[in-house]
Amino acid sequence: MKVVTLECMFPELKGARYSQQGRGRGSNVKAAFAAAGRDLFKQPGLKAQRYTGFTATVTVATVKEETSEGL
């Protein structure tokens, strides 16, 4: 399982809305990145606005899935 974190800075936004974060999980990087993007743009500070640019930091990690066999 892949986990993607998007940490973005929107210079057009003021105050606490300047920095936003989105997280997503998926079976591959493409699915996890898409989920993180959906999560990011659903944040209350980003709804129904247009942006001309932003800076993003993308973190990709692999999470080992645990099974119940060891219990």
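This report describes the sheet, the helix and selected residues of a predicted model.

## Model and confidence

The structure is a predicted model. Its protein chain has an average pLDDT of 88, and 92% of the residues score at least 70. Confidence in the protein chain is highest in strand 1, at 96, and lowest in strand 2, at a mean of 94.

Three strands form an open sheet in the order 2-1-3, and their pairing is antiparallel. The edges are taken by strand 2 (19-26) and strand 3 (55-62); each has a single partner strand, so one side of each lacks a neighbour in the sheet. From one strand to the next, the twist averages 15°.

Strand 1 (residues 2-9) runs antiparallel to strand 3, and eight bridges join the two. Strand 1 also pairs with strand 2 in the antiparallel sense, over eight bridges. In general, the strands of a sheet pair through backbone hydrogen bonds, in either a parallel or an antiparallel manner.

Towards strand 3, Val4 stands opposite Val60, and Thr5 has Thr59 as its bridge partner. Towards strand 2, Val4 stands opposite Gly24, while Cys8 stands opposite Gln20.

At the N-terminal end, helix 1 is capped by Asn28, which has a side-chain oxygen 3.3 Å from the backbone nitrogen of Lys30. The buried residues of the helix are Ala32, Ala35, Ala36, Gly37 and Leu40. An α-helix has 3.6 residues a turn, so residues three or four places apart point the same way. Strand 1 and strand 2 are among the elements that cover the buried residues of helix 1.

## Val4 in strand 1

Val4 belongs to strand 1. With a relative accessibility of 0%, Val4 counts as buried, because the cut-off for that class is under 20%.

Leaving aside residues up to four places away in sequence, Val4 touches Gly22, Arg23, Gly24, Val29, Ala32, Phe33, Ala36, Val58, Thr59 and Val60. Two of these contacts, Ala32 and Ala36, are listed among the buried residues of helix 1. The C-alpha atoms of Val4 and Lys30 are separated by 9.4 Å, although the two residues are 26 residues apart along the chain.

Gln20 lies in strand 2 and is buried, with a relative accessible area of 10%. A polar atom of the Gln20 side chain lies 3.2 Å from the backbone oxygen of Arg17. Beyond residues up to four places away in sequence, Gln20 touches Leu6, Glu7, Cys8, Phe10, Leu40, Gln43, Gly45 and Leu46. Of these, Cys8 is the residue that stands opposite Gln20, and Leu40 is one of the buried residues of helix 1.

Gln43 is found in the loop between helix 1 and strand 3. The side chain of Gln43 reaches the backbone oxygen of Asp39 at 3.1 Å. With residues up to four places away in sequence not counted, Gln43 touches Gln20 and Gln21.

Met1 lies in the segment before strand 1 and is partly exposed, with a relative accessible area of 33%. Not counting residues up to four places away in sequence, Met1 touches Arg25, Gly26, Ala61, Thr62, Val63 and Glu65.

Terms used
Residues numbered from 1 in each chain as written. Predicted model: local features only at pLDDT ≥ 70, side-chain atom pairs only at ≥ 80, totals over all residues. Heavy atoms only, no water. Pairing = 2+ DSSP bridges. Helix = DSSP H or I, 4+ residues; strand = E, 2+ residues; numbered from the N terminus. Axes fitted to C-alpha atoms, helices over the stretch in contact; angles between N-to-C directions. Polar contact = N/O pair within 3.5 Å; in protein donor to acceptor, adjacent residues only side chain to side chain. Contact = heavy atoms within 4.5 Å. Buried < 20%, exposed > 50% of the residue type's maximum accessible area, 1.4 Å probe, protein only. pLDDT = per-residue confidence, 0-100.
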